[in-house]
Amino acid sequence: MNVTLSPRALMSLLVNGPKAVDVLETALALGLLDALEAGPVRLDALADRFGVRPLRLYKFLDCLESLGCVTRHEPDDDIAGATYRAVPGLRDAVLAVVGPDAIERDRDRYPWRLLHGRLAESLRGEVGMSDDDFAWPPKTDAQTADFERSMAAGLGPVVETLRRHADRLWSDRRRLLDVGGGDGTLAAYILDTADGLRADVFNLPAVAPLVAATRVDRRHPDRLGFVGGDFLAGPLPTGYDAMAFVRVLHDWPNDVARRLVEQAYAALEPGGLLVIAEEFRTPDRLAVQFFWSYFLIGVDSCVSRLREVEFYTGLLAEVGFTRVAVLPGGWELVTAYKPG
């Protein structure tokens, strides 16, 4: 949805945000998005198909057009003959945002309302999240489980890219260490596409029961393991020819990110592969990241830092990795190899 709007027009859409979501949810529920993606389709044909009034549908489609979701061709004064087509990928995007399993629904569970209408106070440090509201790092087993479940819910774009490049990534790898790998959901997805690979999750000891549950649920009893530890407190485990940092490095300052990459270089076997997946800093990613940027205004213990991809490619080269590459996908992957 590449639409350039004036600042005034953008403000109008933002202030009408709840109404825009209502339009999108309705279009998804009706099945209208499927019809529009198969377009171009005439207004009268759409009205007949869905049993709605043409004039009202015309205005509904104006709402979608204003959001940059559809293109319209209206050759004359007869609105019945106006044709519409959805921008590519619209249905999947709407489903991802307002569908029953949308990541935004998961994010809405967080207590962001404590800040709503009180941002100025929060910026001054007068209002914020307590450890009971949001603890970082998590301090109890319940907080750990809740955080890891939420992180697993947002893995879709990473999984899509890893599957797309599975042959290139894992065909000659034997053992993968997923550093800070949550409850093992991502490692299990990788194992689904890499028959000869074994994967261990390296995470805080409190996460071990979550990985054990994933091992059972995802049916990788002998290939999904767990190594307990704290990557901020010591070196990374050795004996691996592949390592991954997936949504890990953005949580830490530059010097910590560098130290973790240096530790990966030291721990990897010669010829070992390092994979980095982050939400790199682009206009699209900043928009998708908006919730966390807003919510974390009330949290002093962490900053979710979207960096340009060049930060990571440059860092890898400086540390000594070679064959640094950026693989395209829902989220780009940065790959690099330790010289053999």
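Between which helix and which strand does the loop with Arg 219 lie? Arg 219 is found in the loop between helix H13 (208-217) and strand S6 (224-228). The legends below describe this residue and other sites in a predicted model.

**Figure 1. Overview of the predicted protein chain.** The protein chain has 17 helices and 10 strands. Its C-alpha trace spans about 70 × 50 × 40 Å along the principal axes. Of the 340 residues, 44% count as buried. Among contacts between residues at least 6 apart in sequence, 68% join residues at least 24 apart. The accessible surface comes to about 17300 Å², and 55% of this area belongs to carbon and sulfur atoms. There are 38 positive and 49 negative side chains in the protein chain, with the centres of the two sets 1 Å apart.

**Figure 2. Arg 219 and Arg 247, two loop residues with positive phi.** Most residues other than glycine have a negative phi. Arg 219 has a positive phi of about 60° although it is not a glycine. Arg 247, likewise not a glycine, has a positive phi of about 55°. The loop that holds Arg 247 runs between strand S7 (242-246) and helix H14 (254-267). Arg 219 counts as exposed, because its relative accessibility of 72% is over 50%. Arg 247 has a relative accessible area of 18%, which is under 20%, so Arg 247 is buried.

**Figure 3. Helix H5 and its buried side.** Helix H5 covers residues 54-66, and at 1.5 Å a residue its 13 residues should span 18 Å. The end C-alpha atoms of H5 are 18 Å apart, in agreement with that value. Leu 57, Tyr 58, Phe 60, Leu 61 and Leu 64 are the buried residues of H5. Because these residues cover an arc of only 165° around the axis, they are on the same side of H5. They pack against helix H2 (17-30), helix H3 (32-37), helix H4 (43-50), strand S2 (70-73) and strand S3 (83-86). The exposed residues Leu 55 and Arg 56 are carried on the face of H5 turned away from its buried side. After H5 comes Gly 68, with a positive phi near 80°.

**Figure 4. The cis peptide bond from Gly 39 to Pro 40.** Most peptide bonds are trans. The bond from Gly 39 to Pro 40 is cis, and its omega is near 10°. Pro 40 is placed in the loop between H3 and strand S1 (41-42).

Figure 5. Ala 153 is 47 residues from Asp 106 along the chain, and the C-alpha atoms of the two are separated by 7.7 Å.

**Figure 6. Surroundings of Trp 112.** Trp 112 belongs to the loop between H7 and helix H8 (119-123). With a relative accessible area of 18%, Trp 112 is buried. Not counting residues up to four places away in sequence, Trp 112 touches Arg 107, Met 129, Phe 291, Tyr 294 and Phe 295. The C-alpha atoms of Trp 112 and Gly 128 are separated by 9.9 Å, and these residues are 16 residues apart along the chain.

Notes:
Residues numbered from 1 in each chain as written. Heavy atoms only, no water. Helix = DSSP H or I, 4+ residues; strand = E, 2+ residues; numbered from the N terminus. Expected span 1.5 Å × (residues − 1). Buried < 20%, exposed > 50% of the residue type's maximum accessible area, 1.4 Å probe, protein only. Arc of directions from axis to C-beta. Contact = heavy atoms within 4.5 Å. Areas by Shrake-Rupley, 256 points an atom, 1.4 Å probe, with all protein chains shown as cover. Lys, Arg positive; Asp, Glu negative; His and termini not counted. Charge placed at Lys NZ, Arg CZ, Asp CG, Glu CD.
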